Amino acid sequence: MKDNGIKKDIKRFDVLRIIEHWIIAATFMVLVATGLSQKFYIFEASQWLVIKLGGIDAVRLIHRISGLFLTFLTLQHIVVASYGILFKRWRPVMIINKKDFTDSIDNMKYYLGLTDRPACCDRYNYKQKFEYWGILTGVLLMIMTGFILWFPMPVTGFLSGEIIPAAKALHTNEALLIFLVIAIWHIYNSIFSPDVFPLDTGILTGYVSRERMLREHPVELARMEGLRSEDICGQHDSER
Ligand code: HEM
């Protein structure tokens with residue numbers, strides 16, 4: 001969008017990224033609903049869902065099929081990202097680096113009132129990177145333990161039988177943890193945070209305002225506009 005030659009909205013996500021996000025979100029919600037209704041089967045809401053879905057066998061089947069789909073989505077994500085970085089010179093934007101640690105300290109100082117400028121972050125800030133790796137690791141654990149629970153006989157052919165209760169404990173507890181991380185951290189940041197309330201529409205439309213890019217991702221904005229990050233960092237705060 002343009003107004004008097006000044007770009008107002010900045011493209012942040014392309015259409016494939018938006019589609020991938022929503023397919024993963026939908027699959028995740030199906031897994032949470034069909035998994036947690038087995039774990040907390042004594043709750044009325046779980047029993048209601050199990051009956052609506054056609055009984056416990058149907059719920060288990062839906063859970064396994066969605067588990068297979070999540071495995072496919074996760075593998076394609078890893079393969080596409082690795083291929084892009086290795087062969088198509090994509091910037092490895094999710095790699096945690098030294099600046100993420102200095103940024104987190106800078107923000108801490110800013111929140112404590114010790115400096116007057118927040119950290120000057122790139123395309124993804126340290127919070128987003130830590131969340132991404134936490135969820136990716138959690139999902140890989142869910143996939144591994146899910147397959148162990150699904151195929152206990154072949155697995156115990158070459159691993160000790162103790163792996164089954166261990167996989168069960170990990171799968172069931174990690175399910176709750178990953179659900180809470182998404183429900184509290186991710187939903188807060190996308191809906192309830194004062195920075196985006198009532199909704200961060202970036203992952204729906206693909207666009208965010210220039211003002212928000214300046215505040216949250218000034219290094220990326222500077223790169224897009226052919227400027228030096230030193231010229232743009234802190235500009236948002238001096239405008240207030
Ligand atoms: C992140 C997504 C996932 C969540 C939140 C989730 C959650 C759960 C929960 C809460 C249970 C019930 C455990 C209990 O009874 O205490 C469960 C069971 C199970 N899950 Fe998952 N799960 C996920 C991914 C997967 C994946 C990727 C697979 C397979 C590849 C899988 C396969 C299974 C199997 C086989 C069971 C045992 C229940 C049965 O016999 O059907 N899950 N899951």
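Let's start with a pair of helices: α5 and α7 pack at about 150°, and their axes lie 9 Å apart. That angle makes α5 roughly antiparallel to α7, because angles over 145 degrees count as roughly antiparallel. Please keep in mind as you look around that this is a predicted model. The chain is divided into two domains, with domain 1 covering 13-90 and domain 2 covering 125-195, and a ligand has a shell of residues drawn from both of them.

**More on α5 and α7**

- The crossing of α5 and α7 is left-handed.
- Sorted by class, the residues in the contact of α5 with α7 come to 14 nonpolar, 6 polar and 3 charged.

**How α1 meets α3**

- Helix α1 spans residues 15-39 and helix α3 spans residues 56-87; the two pack at an angle of about 145°, with 9 Å between their axes.
- Seen as a crossing, α1 and α3 form a left-handed one.
- On the α1 side, the contact includes Ile-23, Ile-24, Thr-27, Val-30 and Leu-31.
- Further along α1, Thr-34, Gly-35, Ser-37 and Gln-38 also take part.
- On the α3 side, you can look for Val-59, Ile-62, His-63, Ser-66, Gly-67, Phe-69, Leu-70 and Leu-73.
- This contact of α1 with α3 has 9 nonpolar and 8 polar residues, and no charged ones.

**How α3 meets α5**

- The axes of α3 and α5 come within 10 Å of each other and cross at roughly 140°.
- These two helices are therefore oblique to each other.
- The crossing of α3 and α5 is left-handed.
- From α3, the residues that meet α5 are Arg-64, Gly-67, Leu-70, Thr-71 and Thr-74.
- Their partners in α5 are Val-139, Leu-140, Ile-143, Gly-146 and Trp-150.
- By class, the contact of α3 with α5 divides into 5 nonpolar, 4 polar and 1 charged.

- How far apart are the centres of domain 1 and domain 2, taken over C-alpha atoms? They are separated by 12 Å.
- Across the boundary, 9 residues of domain 1 are in contact with 8 residues of domain 2.
- Helices α1 and α3 each supply at least two residues to the side of domain 1 that touches domain 2.
- Which helix gives the most to that side of domain 1? It is α3, with 5 residues.
- The side of domain 1 that touches domain 2 has 3 nonpolar, 4 polar and 2 charged residues.

**Around the ligand**

- There are 25 residues around the ligand, and those that come nearest are Gly-35, Gly-67, Gly-146, Thr-172 and Ala-175.
- Which helices each supply at least two residues of the shell? They are α1, α3, α5 (126-150) and α7 (163-192).
- Domain 1 and domain 2 each give at least three residues to the shell around the ligand.
- By class, that shell has 14 nonpolar, 8 polar and 3 charged residues.

**Two backbone details to look up**

- The peptide bond from Phe-197 to Pro-198 is cis, and its omega is near 10°.
- You will find Pro-198 in the loop between α7 and α8, the latter being residues 202-205.
- Arg-89 has a positive phi of about 55°, although this residue is not a glycine.
- Arg-89 lies in the loop between α3 and α4, where α4 covers 98-111.

How values were computed. Residues are numbered from 1 along each chain as its sequence is written. This is a predicted model: local features need pLDDT of at least 70, side-chain atom pairs count only at pLDDT 80 or more; totals for chains, interfaces and linings use all residues. Axes are lines fitted to C-alpha atoms, for helices over the stretch in contact, and angles run from 0 to 180 degrees between N-to-C directions. Helices (H or I, at least four residues) and strands (E, at least two) are DSSP runs, numbered from the N terminus. A crossing is left-handed if the near helix is turned anticlockwise from the far one by less than a right angle, and right-handed if clockwise. Two residues are in contact if their C-beta atoms, placed from the backbone, lie within 7 Å. Ala, Val, Leu, Ile, Met, Phe, Trp, Tyr, Cys and Pro count as nonpolar, Asp, Glu, Lys and Arg as charged, and the others, Gly among them, as polar. A residue is near a molecule or strand if its C-beta atom, placed from the backbone, lies within 6 Å of it. Domain bounds come from an automatic or database domain assignment. Angles under 35 degrees count as roughly parallel, over 145 as roughly antiparallel, 65 to 115 as roughly perpendicular and the rest as oblique.
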